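Here is a short briefing to read beside the structure. It covers confidence first, then domains and helix packing.

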Amino acid sequence: MRLKQSLFRKRRKKESLFKYIMSVSHLWLGLLSSVVVFIVCFSGAMYSFKTQISELLNYEVVFNSQETDANWIQPDQIKTNFLEENRQVTTIIYPSDFSRNILVAYHDVEEDYDGHFYIHPTSGEIIGSSSRSIGHFFDLMKSIHKNLLLGKVGNHIVGVSILIFVVLLVSGLVLWFPKNKKQWKQGFTIKWSAKLPRIIYDLHNTLGFYTFLLLLFISITGLYVSYAWVKSAVVVSLGGQPVLNEANAEAMKSELSNVFASFLEESIDNQEEKKKEASVSLNQLLEDSKQRLPYKGITTIHFPTEDNPNYQITKIKQESIFSAVVPDHVKYGKDGQFKKLILFTDQSIADQFMEVSLPLHTGEILGLSGIILYFIVTMIACSMPVTGILIWVRKL
Amino acid sequence: MKKFLLILATISVLCSCGNEKKRRGIDFTKLKAELNLSAGQEEKYDAIVTSYEENRQTQLEELKASGKMSRKGYMKIMKTSYTKQEEALKAFMNEEQKELTHEFVKRYMPGQSDYSDELKTEIVQTLALDSTQAVQYKAVNEAFTKAFRDAHDHYHGNGEAATMYWNQFNEDRKVALQKIFSDDQYAQYLELIKKESYRGQNEKG
């Protein structure tokens, strides 16, 4: 009976209809989505440190134990060293400083398999490969986060629950909004000296307020991945192309034909490029890319492949704790001729958003500091259903 | 109140214990139903399917453990394994069964959204493309693959949209090929691609 009274409570005196609707919907929707929100937030928080934990497990090969600021081993030397063992280098990743080893991905020509090694940044000595993994655990966390291990049905359950969570964030903010000076103070602080029920209330109310914006952002970027219509709405609102559907098919035809035409032009160019036989100095390419992208960062050299006969050097800035982790690219032909400089900042906002939508959702966009911040915020989101239910149960 | 908490707990357990659908792959049970195998063949068929399935799992586990799981690496394992499995299966089959198996594996090969290499080679040969046309034909196909892959950010997880993008870029491909081929070659091309008319019909996104 008390449960029924609580769920279908009457409007209090002096309570506006708007606040009454917000309050009741906050309770109902919160109860409805609580379990899923808890699971999704918890699994997301667990998954966030995947790269860091994997690197820690392989600490002795990933990190350089004899850290000295000597000269980097040059890419031509790395290529030669690997070729002597019948290994064709496909990618070289130079870290931003000498605290880490260089990662080299290769294709073994004799035994026809792909592998990787970490090598010393100065001597080029092979240190080993990252063989220790708890990939199973992280795969499980990722699947739970995306679909609760329930396939497509789970995808929809998660999607709907996160949509509800967005509504809860907004209604929560409305309910948080203080009426007077005393409540303003209460809304910003947790009174640790008070009794447990008040602390629980403050944890829900105050932490909810502080994490509101970031949680809203994480939820929307999550929905962007889950729902085509959210993706379309976000991309269009940023000035990009909507997702193709029956309604806009005719209008988008010429735009997509232009996209195809630009790829065709590139493919014809690639066919010409494939015919070229030239020996390229990777050292010079790397030097040239440093001049075009003059900042400290992680540098990746991609070697030509069957699909893409160009050299590509990608650089990610690593200058400050909160610098955005976004890539810039320099393309060179098979003969080493400079072809194109693709700066992240030169792309349209819609393209920028699409390129970094995942790191925006995971916090990786701000590097380790972003991941830690997102982890804390997500764990607070995890606590919201718990503290919310405790507040409600006490009122019963 | 207790009832309510019990319901919450039950939902939680259900959510945690469900089995996720396995990764996409070829459904050999479906093929088996079409093959009309004898008892002896059935035994060999099951043994080969199980053995290759286990072998693929082991290879994927190793790839995951290396920390270098990528779409390219995954596809390489799947394609190589399914091609070898097809050969192993065909070793005890009659001509009709071999043909059915080949077509089935070709049709459902993971990651194969464009026409098969086999059909593309047949097109080059049947249309008797000269060296310039062959290079242009390859470039057009590459443009199709890249345009479709590039649109992935738009159709990701949306099969219906993926199919629409596939069909739109395929129309663009036809327009580009019409400029390269003679009228006769183009008519032959349209006829040949009917062999794999199922491509682009049910893209998974």
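The points below are grouped by topic.

This is a predicted model. The predictor gives the complex an ipTM of 0.77 and a pTM of 0.74.

**Confidence in chain B**
- Chain B has a mean pLDDT of 84. In chain B, 82% of residues reach 70 or more.
- Among the elements of chain B, helix 10 (residues 183–192) has the highest mean pLDDT, 96. Helix 1 (residues 2–17) of chain B has the lowest, 48.
- Over residues 11–23 of chain B, pLDDT stays under 50. The model has 14 contacts beyond four places in sequence for this stretch.
- Where pLDDT is low, predicted coordinates should not be read in detail.

**Domains of chain B**
- Chain B splits into domain 1 (25–108) and domain 2 (117–196).
- The C-alpha centres of these two domains of chain B are 27 Å apart.

**Helix packing in chain B**
- Helix 6 (residues 117–126) of chain B packs with helix 10 of chain B at about 155°, their axes 10 Å apart. The two helices are therefore roughly antiparallel.
- The crossing of helix 6 of chain B with helix 10 of chain B is right-handed.
- Helix 6 of chain B contributes Leu119(B), Glu122(B), Ile123(B) and Thr126(B) to the contact. Helix 10 of chain B contributes Gln188(B), Tyr189(B) and Leu192(B).
- By class, this contact has 4 nonpolar, 2 polar and 1 charged residues.

**Helix packing in chain A**
- The axes of helix 5 (residues 75–83) and helix 12 (residues 282–292) of chain A come within 7 Å and cross at roughly 145°.
- Pro75(A), Asp76(A) and Lys79(A) of helix 5 meet Leu282(A), Asn283(A) and Leu286(A) of helix 12.
- The residues of this chain A contact comprise 3 nonpolar, 1 polar and 2 charged.

Technical notes
Residues numbered from 1 in each chain as written. Chains lettered and ligands numbered in written order. Predicted model: local features only at pLDDT ≥ 70, side-chain atom pairs only at ≥ 80, totals over all residues. Domains from an automatic or database assignment. Axes fitted to C-alpha atoms, helices over the stretch in contact; angles between N-to-C directions. Helix = DSSP H or I, 4+ residues; strand = E, 2+ residues; numbered from the N terminus. Contact = placed C-beta atoms within 7 Å. Nonpolar A, V, L, I, M, F, W, Y, C, P; charged D, E, K, R; others polar. pLDDT = per-residue confidence, 0-100. Parallel < 35°, antiparallel > 145°, perpendicular 65-115°, else oblique. Left-handed = near helix turned anticlockwise from the far one by under 90°.
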